[in-house]
Amino acid sequence: MKPTNTTGTSWMGHLNRWTESLGRWITHGSTTRKILSSVLSIVLGLLFGFITMLIVNPQEAVEAMRYLLFGGFLPNNLFNFLFYSIVLAAPIILTGLSVGFAFRTGLFNIGASGQALIGGFVAICVGLLVPMPAPWHFIVAALSGMVAGAIWGGIVGLLKAYFNINEVVSSIMLNYIAGYLISYLVTTPGVFDMNRNWTKTLPDSATTPTLGLNTLWPGSRFDISIFIAIIVAIVIWFVLQKTTLGFQLKAVGFNKDASRASGIQYRRNVIISMIIAGALAGLAGSMIYLSPRNVRMRTTFLILSEGFTGISVALLGMSHPIGIVFSGLFISFLTRNGSLISLTTIAPEITDTVIAIIIYFSALSALMMDVLGRMLARIKSKRLQSASQPPHQEVPPTTGGEQ
Amino acid sequence: MDAFYFIAQQTFSVMVPLMIVALGGLISEKSGVVNIALEGIMIMGAFVGIYVISLLQANPNLSPSLVLILGIVVGGAVGGIYSLLHALASVNMKANQTISGTALNLFAPAFAIFVARTTIGGTQQIGFNANFRISEIPFLSQIPILGDIFFKNTYISFYVGLFILLLVVFVLHRTKIGLRIRACGENPHAADAAGISIAKIRYLGVVTSGIFAGMGGVILIATASSNEFNATVSGYGFLALAVLIFGNWKPGRILLASLFFGLMSKLSAAYSLIPFLNNLGLPMQFYLMIPYLATLVVLILTSKNSNAPKASGEIYDKGKR
């Protein structure tokens with residue numbers, strides 16, 4: 001193995017150390033406690049959002065909160081909000097998987113926005129410039145977007161592996177570079193519609209197949225992107241959980257020095273991690289821009305919000321692929337319902353505020369898991385006591401008495 | 001020569017906020033806490049600071065520089081208070097500092113837009129009158145060359161920035177509290193054994209970085225942008241992190257690094273004034289990319305010799321040796 005300069009003495013060693021600690025942080029604790037602490041974060045986030053709304057507008061706060069939580073369940077909104085939030089969840093599940101996969105391997109991919117933008121643009125180009133028969137056109141376009149995202153993410157991996165540049169800084173820079181690059185490239189002849197000032201309409205062969213899901217109910221905008229996202233989540237779970245590659249990537253994230261000592265190639269794994277993360281974000285970009293809903297690219301500078309929502313999705317889903325599917329659905333649901341808040345005079349941005357608070361509380365999950373663990377132990381001990389009435393105390397008194 | 005002075009003055013308007021924010025990040029990291037939330041804190045500080053400025057400007061009797069100073073003070077206070085959330089999470093709650101910082105970054109723009117749209121006028125933009133430029137400072141502006149560069153067409157914030165730089169150098173390297181801050185970032189266990197409260201010093205570090213970031217946010221929006229605040233500081237909080245790294249955690253080099261980034265970012269605005277660059281005929285987007293591309297290139301070229309605090313970013317665990 002080649003000697004590397006990425007240990008303590010080198011200049012970015014410390015910055016890299018704190019992102020590596022992410023991997024350790026994310027993998028400790030039992031599943032039940034993780035889910036419970038996510039649920040607790042959600043409840044606290046919603047509570048704080050409600051209090052904020054009560055402060056700024058006590059008359060309408062209750063109504064706004066009702067929209068946020070139950071708006072999609074109202075009979076009139078069932079299709080447009082509840083089901084539509086499922087459609088809109090696909091891209092953020094994919095960016096969430098991108099961020100979450102990187103987390104698991106000890107990297108913080110804050111650059112999913114740029115990777116998705118590059119991926120989306122390449123997918124549009126293939127869709128418009130390379131004619132192909134129906135099922136293949138979409139597949140090739142989506143995969144090209146994935147490859148483009150993988151390259152954009154791979155740059156971050158290369159910079160980290162060979163120049164020890166912290167991935168947070170480099171991927172933020174690449175987000176901005178991608179934004180300006182695309183705002184220039186989008187005017188490419190053949191792709192750009194000069195009259196409408198946005199990209200041309202994709203041929204039907206290149207858009208995401210609907211398989212008739214768009215005729216389920218009037219105005220249905222369903223396509224198969226959510227199923228693609230779920231299948232990808234299962235694949236990622238399999239790679240992380242059941243393959244040697246996944247084990248090696250996680251080992252590097254968990255303890256770089258120990259994994260290197262056991263013969264795992266650090267540089268190779270960092271690059272592979274970022275390539276996979278970039279590919280997932282690139283696929284998210286494909287799903288955004290190949291949608292049959294005709295989402296266009298414009299010349300305005302753009303940082304795709306899906307990339308940053310992906311961070312929230314990954315953190316709330318505890319970086320577990322299946323958890324990410326659920327947290328992606330939840331955040332999409334919350335965002336879609338949140339748009340109903342504009343029926344009141346309260347601004348719908350309260351939803352983003354609530355999501356940020358949820359993430360803040362999930363950062364405190366180490367402490368919350370402790371508290372939850374103590375609560376669970378207390379419940380268990382009470383149940384034991386009431387069930388068998390033991391002659392002596394079975395559980396140490398500290399678990400019951402304190403706080 | 002006039003073009004040179006113009007570019008120098010333009011460069012300073014970006015350099016000063018970047019430097020102040022990077023110095024904030026420096027203090028925080030020296031005390032052992034990585035503050036990735038600089039971007040969000042800048043937004044929060046700028047939001048309240050610029051709003052206060054827009055209110056104060058209703059009174060025409062106040063001098064523009066005084067209004068700017070008041071805005072900066074308010075922004076600093078807000079930044080300090082907001083950063084308490086990061087300190088609470090990373091010092092008391094032993095939370096992951098990256099996630100807590102990310103949460104602060106996500107919260108700030110959402111909250112700023114929410115409050116602006118709900119309570120202030122219904123739009124998310126906050127307009128103000130960008131009239132803070134001081135055309136010349138008496139006597140000092142008469143000095144040849146230096147007078148033209150430093151004392152003409154300048155902002156009061158330029159001198160605030162220089163004062164903060166000197167203050168940081170002095171406090172970090174010449175005072176007891178500075179020694180303690182550095183000890184907490186390098187070897188918290190030794191500092192703890194010497195009777196220093198790690199928690200107190202780290203709170204001090206994070207809150208100072210919050211105050212500086214809040215001030216930097218106001219200065220950036222008031223002097224280096226157009227005349228409205230739109231709930232964003234365009235990634236300058238992250239650029240400040242890059243400046244801190246490029247500056248190798250040393251105040252003097254942070255000054256040079258922020259000067260470099262200031263120049264790079266103003267090239268994108270002023271390239272049409274420089275005949276050579278204008279004749280290249282490159283698309284505008286290329287110049288807009290320059291600060292971010294330059295960051296990457298510079299980081300590639302300087303990827304050796306770290307002066308980073310050793311314990312920065314690690315949760316302090318008393319039992320760990």
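Helix H14 of chain A meets helix H4 of chain B through Ile350(A), Asp352(A), Thr353(A), Ile355(A), Ala356(A), Ile357(A), Ile359(A), Tyr360(A) and Ala363(A) on one side and Ile99(B), Ser100(B), Thr102(B), Ala103(B), Leu106(B), Phe107(B), Ala110(B), Phe111(B) and Phe114(B) on the other. Two residues are in contact here if their C-beta atoms, placed from the backbone, lie within 7 Å. By class, this contact of H14(A) with H4(B) holds 14 nonpolar, 3 polar and 1 charged residues. Ala, Val, Leu, Ile, Met, Phe, Trp, Tyr, Cys and Pro count as nonpolar, Asp, Glu, Lys and Arg as charged, and the others, Gly among them, as polar.

All of this comes from a predicted model, in which local features need pLDDT of at least 70, side-chain atom pairs count only at pLDDT 80 or more, and totals for chains, interfaces and linings use all residues. Residues are numbered from 1 along each chain as its sequence is written, while chains are lettered from A and ligands numbered from 1 in the order in which they are written.

Two helix pairs can be set out together. Two packed helices are described by the angle between their axes and the distance between the axes. Axes are lines fitted to C-alpha atoms, for helices over the stretch in contact, and angles run from 0 to 180 degrees between N-to-C directions.

| Helix pair | Angle | Axis distance |
|---|---|---|
| H14(A) and H4(B) (residues 97–119) | about 160° | 8 Å |
| H11(B) (residues 251–270) and H13(B) (residues 284–301) | about 160° | 6 Å |

The angle of about 160° between H14(A) and H4(B) makes these helices roughly antiparallel, a term for angles over 145 degrees. H14(A) passes H4(B) in a left-handed crossing, whereas the crossing of H11(B) and H13(B) is right-handed. A crossing is left-handed if the near helix is turned anticlockwise from the far one by less than a right angle, and right-handed if clockwise.

Within chain B, Phe261(B), Met264(B), Ser265(B), Leu267(B) and Ser268(B) of H11(B) meet Tyr287(B), Leu288(B), Ile290(B), Pro291(B) and Ala294(B) of H13(B). That contact divides into 8 nonpolar, 2 polar and no charged residues.

Now to the whole interface: 49 residues of chain A are in contact with 47 residues of chain B. On the chain A side, at least two residues each come from helices H1 (13–27), H7 (167–185), H12 (305–316), H14 (350–363) and H15 (365–388). H7(A) gives the most, with 11 residues. The chain A side as a whole has 34 nonpolar, 12 polar and 3 charged residues.

As for the chains themselves, chain A has 16 helices and 2 strands, and chain B has 13 helices and 4 strands. Helices (H or I, at least four residues) and strands (E, at least two) are DSSP runs, numbered from the N terminus. Of the 403 residues of chain A, 53% count as buried; of the 321 residues of chain B, 53% do. A residue is buried if 20 or more other C-beta atoms lie within 10 Å of its own, exposed if 12 or fewer, and partly exposed in between. The C-alpha atoms of chain B fill a box of roughly 60 × 45 × 45 Å along the principal axes.

One residue to look up in your viewer is Arg66(A), in helix H3 (residues 61–70) of chain A. Arg66(A) counts as partly exposed because it has 15 C-beta neighbours inside 10 Å. The C-alpha atoms of Arg66(A) and Leu340(A) are separated by 9.7 Å, although the two lie 274 residues apart along the chain.

Note on methods: Parallel < 35°, antiparallel > 145°, perpendicular 65-115°, else oblique.
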